[in-house]
Amino acid sequence: MTNPATILAQSGRPERIQGNPVNPPVVFSSTYRNSGTAPGNIYARWDNETWNPFEKTLAALEGTDYPALVHASGMAAMTTALHAAPPGKIVAPRHSYHASLIVAQEMTEREGGQLVTVDIANTEEVVAALPGASAVLIESPTNPMLELADIPTIAKAAHEAGALVIVDNTFATPLGQQPFIMGADIVVHSATKYLAGHSDVVLGAVLANTEELHQRLWDYRTHTGAIAGPMEAWLALRGMRTLSLRFERITANAAELARRLSNHPLVEAVAHPSLPHHPNKERAPKGCGVLTVRPTGGAEAADRLVEATELWLPATSLGGVESSLERRRRFADEATTVPEDLLRLSTGIEDMEDLWEDLDRALTRSQA
Ligand SMILES: Cc1ncc(COP(=O)(O)O)c(C=O)c1O
């Protein structure tokens, strides 16, 4: 099984023997019968059979031999990933998901290190920041600015500088890009988004492609207890079964809406990696379900637009089957380099014409 669509449909199922169920069971147990005289599960914070099918499936998609390590959220997974690096300097995109920057800042300050933020699309600037770094965090596309990094070049330079390469692959998903092939040491996911895909689960995962790093991540998760509940892991695998279909439709909807919005008289700017003018588009993953729009009339018009939609859901988060949108600068800790009037749109799997009609109407209504 090497094709992602087949892995998604088939991996992590119980053994093919007569009478077995099609889906893995959910096991609710905090401890296991274990006297220490034979191998086997001991305690559910260490390992849990309901996590395993999800962990195995995600590892197959990302192309690593070591199972993913499911976490209570994407941020729990990110925290584990950042702690895998020795104390020191961390280089990160200035438009990383803002909570990742907050954790990196807090962690480096406490350890006497330093967080250096860069324009991740500017490879020269990133490479110049690497000497002395213990880790580089890469998001590509970035959230929410959709900048694209040259992951292989940055990874090579980071390794020469002795830094770990951590890639947050939430936006691209393993269907869009496989960071281990591009030189990553650690891959992080907010499974809350496209992987689980139905806005009904908060979950994260972190993966490594060496035994030593995998063990370090496992130790940190186990000792800090940033673990997921079995129900969440089960739901995420159930949601992930349809990822290839969802991601294809979501990407097609996003690309077509971006194309139409680029020609809309009430729109000042649109970004999506499929657009001809998108910078560094040769670095784009094979799909992207997020686009950004800056309507005419500034932040107030943007707020009115969000309110005026009838179909698009005014909500944070992304990657669900339902389309949603929000003005990112409504959050006080969003980077100030993100324009005040920028709306981040996450397309779902609805009919594209219905999505377009709703947006077009809301754009007209946004003009006071
Ligand atoms: C790129 C990215 N990474 C990490 C996270 C954090 O994930 P979670 O909300 O599951 O903790 C998010 C959440 O929006 C995100 O967009």
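Helices (H or I, at least four residues) and strands (E, at least two) are DSSP runs, numbered from the N terminus. The model is predicted, so local features need pLDDT of at least 70 and side-chain atom pairs count only at pLDDT 80 or more, while totals for chains, interfaces and linings use all residues. Residues are numbered from 1 along each chain as its sequence is written, and side-chain values use heavy atoms, with hydrogens and water left out.

**Exercise 1.** State which domains the protein has and describe the contact of domain 1 with domain 2.

Solution.
1. The assignment gives domain 1 (4–240) and domain 2 (243–365); such bounds come from an automatic or database domain assignment.
2. Taken over C-alpha atoms, the domain centres are 26 Å apart.
3. Domain 1 puts 33 residues into the contact and domain 2 puts in 38 residues, where contact means heavy atoms within 4.5 Å.
4. Between them the domains bury about 2800 Å², 62% of it on carbon and sulfur atoms. Buried area is the accessible area (1.4 Å probe) that two parts lose on being put together, summed over both.
5. Of the area that domain 1 buries against domain 2, 25% is supplied by Leu146, Leu148 and Tyr194, more than any other three residues.
6. The count of salt bridges between the two domains is zero (a side-chain nitrogen of Lys or Arg within 4 Å of a carboxyl oxygen of Asp or Glu).

**Exercise 2.** Describe the lining of the second largest pocket.

Solution.
1. On a 1 Å grid over the protein atoms alone, a pocket is an open set of points where a 1.4 Å probe fits, with protein on both sides within 12 Å along at least five of seven lines; lining residues have an atom within 4 Å of a point.
2. The volume is about 270 Å³, that is, the space filled by probe spheres set on the points, which are joined across faces, edges and corners.
3. Among the 19 lining residues, Met145, Glu147, Ala271, His278 and Pro279 lie nearest the centre.
4. Strand S8 (267–271) and strand S9 (290–295) each supply at least two residues.
5. The lining has twelve nonpolar, five polar and two charged residues. Ala, Val, Leu, Ile, Met, Phe, Trp, Tyr, Cys and Pro count as nonpolar, Asp, Glu, Lys and Arg as charged, and the others, Gly among them, as polar.
6. Domain 1 and domain 2 each give at least three residues to this lining.

**Exercise 3.** Do likewise for the largest pocket.

Solution.
1. The largest pocket holds about 380 Å³ of space.
2. It is lined by 25 residues, with Met75, Tyr97, Asn143, Ser190 and Lys193 closest to its centre.
3. Helix H3 (74–83), helix H4 (98–110) and strand S6 (186–190) are the elements giving two or more residues.
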